[in-house]
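Here is a brief report on pockets and aromatic pairs. Where is the open space, and how do the rings pair up?

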Amino acid sequence: MEWNVLFFFNSVLLGVGLAMDAFSVSLANGLNEPAMKKGKMCGIAGVFAAFQAIMPMIGWICVHSLLQYFKVFEKCIPWIALILLLFIGGKMLKEGITSKGDEIETSKISVGALLIQGVATSIDALSVGFTIAEYGLIMAIVCALIIAIVTFLICSAGLIIGKKFGTKLADKATILGGAILIAIGLEIFITGVF
């Protein structure tokens with residue numbers, strides 16, 4: 001592969017494709033915490049961007065060193081994403097359903113939950129390591145950085161949109177956010193298994 005416009009265009013497209021799950025989770029996070037500060041929004045988008053950059057690089061390394069081990073793990077990816085997102089989404093649904101109407105206090109996204117979301121939404125990006133396997137190390141790193149930048153921008157937009165509607169939806173935001181996470185988990189599972 002050569003350094004050309006097509007390389008950068010393909011990297012941006014990979015970033016957009018990989019960021020869709022993270023966008024949806026960011027939307028859910030914004031819905032869940034409508035009073036979120038800009039610094040936290042940048043942190044959340046940054047975590048998703050980092051995971052979306054790291055996972056393809058891990059896949060690239062696996063292709064170049066541990067291919068036979070990665071093939072076995074690849075079948076587990078949809079199951080892992082499903083379990084993680086069902087857990088987080090189910091917890092949000094439960095909190096939204098069990099809280100009283102006037103006493104709604106949106107729970108803040110913890111670091112642990114954010115890391116789980118980051119892994120769950122980016123684990124399928126491991127397989128991108130196969131598509132960029134023909135790249136040299138520097139090109140693979142540049143591709144991963146482009147993916148990270150695109151993911152950061154898309155997730156920031158998701159958080160902004162989620163915050164705007166989270167304020168308007170108030171007591172239904174946690175339920176909607178949890179339902180979105182469960183739907184994403186099911187979508188990753190269904191497309192990955194079938």
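## Pockets and ring pairs

Helix H1 (5-32), helix H4 (77-98) and helix H5 (111-122) each supply at least two residues of the lining of the largest pocket. The model is a predicted one. H4 gives the most to this lining, with five residues. The lining of the largest pocket has 15 residues. Ile88, Lys91, Met92, Ser110 and Ala113 lie nearest the centre of that pocket. Its volume is about 220 Å³. By class, the lining of the largest pocket holds six nonpolar, six polar and three charged residues.

The second largest pocket holds about 190 Å³ of space. Its lining takes two or more residues from H4 and from helix H8 (173-193). H8 gives the most here, with five residues. The second largest pocket is lined by 12 residues. Nearest its centre lie Ile77, Pro78, Asp124, Ile188 and Gly192. Four nonpolar, three polar and five charged residues make up this lining.

Next come the aromatic rings. A pair of such rings is described by the distance of the centres and the angle of the planes. The structure holds five aromatic pairs. One of them joins phenylalanine 7 and phenylalanine 8: the ring centres are 5.0 Å apart and the planes stand at 75 degrees, so the pair is edge-to-face. Angles over 60 degrees count as edge-to-face. Phenylalanine 7 has 0% relative accessibility, so it counts as buried. Phenylalanine 8 has a relative accessible area of 37%, so it is partly exposed.

Tryptophan 79 and phenylalanine 189 also pair edge-to-face, because their planes stand at 75 degrees, with the centres 4.6 Å apart. Tryptophan 79 lies in helix H4 and phenylalanine 189 in helix H8, so this pair ties together parts that are 110 residues apart in sequence. Those two helices also each give two or more residues to the lining of the second largest pocket.

| Residue | Relative accessibility | Class |
|---|---|---|
| Phenylalanine 7 | 0% | buried |
| Phenylalanine 8 | 37% | partly exposed |
| Tryptophan 79 | 46% | partly exposed |
| Phenylalanine 189 | 14% | buried |

The cut-off for buried is under 20%. Phenylalanine 189, at 14%, is therefore buried. Tryptophan 79, at 46%, counts as partly exposed.

Which residues do ring pairs link into a cluster? They are Trp3, Phe7, Phe8 and Tyr135.

Terms used:
Residues are numbered from 1 along each chain as its sequence is written. This is a predicted model: local features need pLDDT of at least 70, side-chain atom pairs count only at pLDDT 80 or more; totals for chains, interfaces and linings use all residues. Side-chain values use heavy atoms; hydrogens and water are left out. On a 1 Å grid over the protein atoms alone, a cavity is a set of points where a 1.4 Å probe fits but cannot get out, and a pocket is an open set with protein on both sides within 12 Å along at least five of seven lines; lining residues have an atom within 4 Å of a point. Grid points are joined across faces, edges and corners, and a volume is the space filled by probe spheres set on the points. Helices (H or I, at least four residues) and strands (E, at least two) are DSSP runs, numbered from the N terminus. Ala, Val, Leu, Ile, Met, Phe, Trp, Tyr, Cys and Pro count as nonpolar, Asp, Glu, Lys and Arg as charged, and the others, Gly among them, as polar. Rings of Phe, Tyr and Trp (its six-membered ring) pair if their centres lie within 6.5 Å; planes under 30 degrees apart count as stacked, over 60 as edge-to-face and the rest as tilted. Buried means under 20% relative accessible area, exposed over 50%, partly exposed in between (1.4 Å probe, protein chains only).
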